[in-house]
Each structure stands twice: as C-alpha cells, then as structure tokens.
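Thanks for coming. Please have a look at the model on the screen, and then I will go through a few parts of it.

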Amino acid sequence: MTAADTLPARRPGPRAWLALIAAEARMVARDTAGLVIPLGLPLLILVMNGLGTADETVVDGVNVFERYVLPLVLVIVIATVGVVNMPSFLAYYRKAHLLRRLAVTPAHPGMILTAQLVVSAAQSAVGVGLGVGAAMLLFGVGLPAHPWTALGVFALAALAMYAIGMLVAALAPTGNAAAAIGLVLFFGLGATGGMFGSTDALPRPLAAVGEALPFGAAVQAVGRAWSGLPQEPGHLVALAVAVVVSSALAVRCFRWE
C-alpha cells in the first residue's frame, strides 16, 4: 500500500462548487425553450393583461393589476422553473447515470442537486425581476406595501413550487417524463388557481379547491401581501403543507440510479 492509498479523499472546496454551478448554468442556458419560456411567457401575460386591467380597481380600492395580474405572473415564473424545468434536468441526470458516477467521487451526488437549485433560483430571480421591472415601468406599479412580508410570502410560495418539483424529479424515470408530469401539474394547478381567468368564473367548490392548492394559494397570498391586505391563514397553511409533504415524499422516493 502506498502513501497515496492512505490519503483521505479531499472534500470539494468552493472552487469545485463554483465550477459545478457554472456547469449547471451552461446546461440551462443551452436549453433555449427552458430558458426563454419562464422569462418571456410571463412578460407576455403581464403586458396583455395589464393593457386591459391597469385602471380597474377591486374591493378596498386595490388595483386589479397589482392584486391579481402581477402576482399571477410572478407565480408562473417560479412554477415554470420549479415544477417543469428543474425536474427534467435532475431526472435526465439520473437516467444518464451521472448521479451514480458522482457517487464514487469526492463530489457527492447531492452537490448537483444543490447546484441545480441554485441555478434555478437565479433563473427565477431574473424572471421575477423582469416582471416587476416591466410592471413598474409600463404600468406604474409601486413597491409592496409591506416589502418584508411580501418577500417572506413569496419565498414560501417559491419553496412550495420547488418542493413539488423535487417530488416530480424523484418519481419521474426520465427527463421527458419529468417534463410531461411537470407540465400536467403546472397546467392543472394553474387552471384552478386563476392562470386562465378569474377564479370567480369557476364553480365555487372548484374555486375553493384551487385556492387550497399551491398555485392558487400562492397567487392569493402574494397578491394580498403586495397590496398590503391581511393574509388569509388558509393560503399560508396550504403552501406550508405543500412544502412539508412534497419535500418528505421527495426524500423518501428519490432514487440516485
């Protein structure tokens, strides 16, 4: 046995983490549809709806655009990235045996999960920044009435979407399957949560179910936070339950191979 055989494996340092995050960022950048849709589609929805609702008001004098349209756009950004894009990458890595190969190196497979989360969060931040910037520039939207409350509520909504995405990644056998499952969830949750029109047009029982699901709860909670209205505890509970349940199931079901 040589001296080299007895040396302990070195844990990856900051440079290794940065290199992995940069590699993940390049992978996301090369996926044109996955890069453009979370940024371009919400902006299109924002402008189209903003032109028709910018001057309308709802109860308590709150602007429809700030109460419903902008929150909807922000939730679409995090849902697209968290529920559709991220799981497809992780499921593809497992299908390609990349996670298994990393398991025999000092770089634990969990590193690639963390790197993908970091890159996805950065992509979401860019999309949210573009949406808020366009709303301020084109429609005169101001900052949230209570910025820290709005930030906390939005962070909870983002955690819920990413937890659901991790569950999809845990269950889907391939990248294509993950994208398909993510899209079904995205449109299913969105349809009952106000993505295709006001939930007032839905039957009341279906609208109530939509508000109890993560997408609808996120739109309602972010809208109330941005407008400075008191939070409905049910919306926050729904998001917290989505985070806890989806995360627990993802950890239990995730397969490295």
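Start with A150 and what it touches. If we leave aside the neighbours within four places in sequence, A150 is in contact with P144 and A225. Keep in mind that this is a predicted model.

Where does A150 sit? A150 is found in helix α7, which covers residues 147-171. Is A150 buried or exposed? Its relative accessibility is 10%, and the cut-off for buried is under 20%, so A150 counts as buried.

Now the contact with A225. A150 and A225 are 75 residues apart along the chain, yet their C-alpha atoms are separated by 4.8 Å.

Next, helix α10. This helix runs over residues 214-227 and has 14 residues. From its first C-alpha to its last, α10 reaches 20 Å, close to the 20 Å expected at 1.5 Å a residue. How much of α10 is covered? Mostly covered is the description: 14 of its 14 residues are buried. After α10 comes G228, and the phi of G228 is positive, near 80 degrees.

Now a pair of helices. Helix α4 is residues 64-95, and helix α8 is residues 175-193. The two pack with their axes 7 Å apart, at an angle of about 160 degrees. Angles over 145 degrees count as roughly antiparallel, which means that α4 is roughly antiparallel to α8. The crossing of α4 past α8 is right-handed.

Which residues meet there? On the α4 side they are I76, A79, T80, V83, V84, P87, S88, A91 and Y92. On the α8 side they are G175, A178, A179, G182, L183, L185 and F186. Sorted by class, this contact has 12 nonpolar residues, 4 polar residues and no charged residues.

Last, the whole protein. How many helices and strands does the protein have? There are 11 helices and 0 strands. Read along the sequence, then, the pattern is α-α-α-α-α-α-α-α-α-α-α. The protein has 257 residues, and 45% of them count as buried.

One more number, on contacts. Take the contacts in the protein with a separation of 6 or more: residues 24 or more positions apart account for 75% of them. The pair we began with, A150 and A225, is 75 residues apart along the chain.

That is the end of my part.

Notes. Residues numbered from 1 in each chain as written. Predicted model: local features only at pLDDT ≥ 70, side-chain atom pairs only at ≥ 80, totals over all residues. Heavy atoms only, no water. Helix = DSSP H or I, 4+ residues; strand = E, 2+ residues; numbered from the N terminus. Expected span 1.5 Å × (residues − 1). Buried < 20%, exposed > 50% of the residue type's maximum accessible area, 1.4 Å probe, protein only. Contact = heavy atoms within 4.5 Å. Axes fitted to C-alpha atoms, helices over the stretch in contact; angles between N-to-C directions. Parallel < 35°, antiparallel > 145°, perpendicular 65-115°, else oblique. Left-handed = near helix turned anticlockwise from the far one by under 90°. Nonpolar A, V, L, I, M, F, W, Y, C, P; charged D, E, K, R; others polar.
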